[in-house]
Amino acid sequence: MSKATETILEINLAHLTHNYNYLKSKLKPGVKILSVVKASGYGSDASVIAKHLEKIGTDYFAVAYASEGVILREAGIKTPILVLHPQPVNFQKIVEYQLEPSLYSSRTLKAFITTLAANNQKDYPVHIKFNSGLNRIGFGENDIDHIIDQLSKTDTVNVVSLLSHLAASEDHTEREFTIAQINMFKKTAENLINTLGYTPILHQSNTSGILNYPEAHFDMVRTGIGLYGYGNEAKYDTQLKPVASLKSVISQIHSLEPGASLGYNRAFIASSYTKTATIPIGHADGISRQYGNQKGFVTINNKRAYILGNVCMDMIMVDITDIDCHEGDEVIIFDAESNAVKVAEHSGTISYELLTAISPRVKRLVIDDN
Ligand SMILES: *Cc1c(COP(=O)(O)O)cnc(C)c1O
């Protein structure tokens, strides 16, 4: 692989295939895989990721918002796309682009039926979302009669799935809570199915649900972070391969005498002789200010170089006092070895936030070894 000569996010499709197959190996035959490609494919490139997953056989896609689904359709994706958290203002777009909404309240169910009727639609695929304890979005267990009442008055919708979302599937100390969520979803789904007269697909597990709760796999699982190479636990991280690598380059090297300051607001003052490297990546690229002042680090020639002072909009400055390196050398922000979990945790955040923050200004480079 050639060395980075500017800031670049590499997207490794062989790693994506590996992760997909690993997650699939955890499922009973016949359990479907829904690939979550929201937030630009966890900060990479949703269309590139979705095209590859479509090729290797994913059953479904999910995005958070309608606009993300439109991008996938315009890229030529034909696989069904579930929109997890749609707003009624976008229901017309959802129908135009053949996207499938998760309906999570009386208000959204009613509004979507109205949109379908106005478009002369019949048996349009929709998904009913239940709240089993996350208390974010979803119908409650006491809403069954209301849902049935709404559905019995219309032939516009076909409920293709019932879903719910786990609150703490990665947290082994919350096992009891998670089991209660699973049981609540099972019971609520059964109640709805009894009166519905047909059996939609059931799904509740995210990546950590797949890895930690086989009893929550149902008919389909929804995986996001796992596909991108992270398993929310060291023992799974070692089995997965990070898809995205963020790399940059040393623009310039400075030598600071004791007492010299560095960067905006003089946030770093050298207490002794300090060598610094300036890197062309900043908060406008997704390296938030929380990584500044020695919380975040980059890797140069296999050594950690901590960010000194404040993160600028377009640059960071890192400590290379003890690193043998030169202007033009490659800098790793995260890759398969120095991965996003290590960098994020050191700065008090999680891999999800670091990955999804990488802004469109950073050039994407697709590596397809297949
Ligand atoms: C984002 C999301 C997922 C994917 O979760 P991961 O932990 O990344 O696997 C699954 N389901 C819902 C409802 C989500 O919002």
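**Helix 1 and helix 3**

I began with a contact: Leu 13, Leu 16, Thr 17 and Tyr 20 of helix 1 meet Val 48, Ile 49, His 52, Leu 53 and Ile 56 of helix 3. Contact here means heavy atoms within 4.5 Å. Helices are DSSP runs (H or I, at least four residues), numbered from the N terminus.

I noted that this is a predicted model, where local features need pLDDT of at least 70 and side-chain atom pairs count only at pLDDT 80 or more, while totals for chains, interfaces and linings use all residues. Residues are numbered from 1 along each chain as its sequence is written, and side-chain values use heavy atoms, with hydrogens and water left out.

Next I looked up the geometry. The axes of helix 1 (residues 13–25) and helix 3 (residues 46–56) come within 11 Å and cross at roughly 50°. Axes are lines fitted to C-alpha atoms, for helices over the stretch in contact, and angles run from 0 to 180 degrees between N-to-C directions. Helix 1 and helix 3 are therefore oblique to each other. Angles under 35 degrees count as roughly parallel, over 145 as roughly antiparallel, 65 to 115 as roughly perpendicular and the rest as oblique.

**Helix 7 and its partners**

I saw helix 7 (residues 144–152) pack against helix 8 (residues 175–196) at an angle of about 30°, with the axes 10 Å apart. So helix 7 is roughly parallel to helix 8. Ile 144, Ile 147, Ile 148 and Leu 151 of helix 7 make the contact with Thr 188, Asn 191, Leu 192, Thr 195 and Leu 196 of helix 8.

I then checked helix 6 (residues 106–118): its axis and that of helix 7 come within 11 Å and cross at roughly 5°. Helix 6 and helix 7 are therefore roughly parallel to each other.

**Around the ligand**

Which residues are closest to the ligand? I listed Lys 38, Tyr 42, Thr 207, Ile 225 and Tyr 352 as the closest of the 13 residues that surround the ligand (a heavy atom within 4 Å).

I also noted polar contacts (pairs of N or O atoms within 3.5 Å). A polar side-chain atom of Lys 38 is 2.7 Å from an oxygen atom of the ligand, and one of Arg 222 is 2.8 Å from a nitrogen atom of the ligand.

Conventions:
Helices (H or I, at least four residues) and strands (E, at least two) are DSSP runs, numbered from the N terminus. A polar contact is a pair of N or O atoms within 3.5 Å; within protein, one must be able to donate a hydrogen and the other to accept it, and residues adjacent in sequence count only if both atoms are side-chain atoms.
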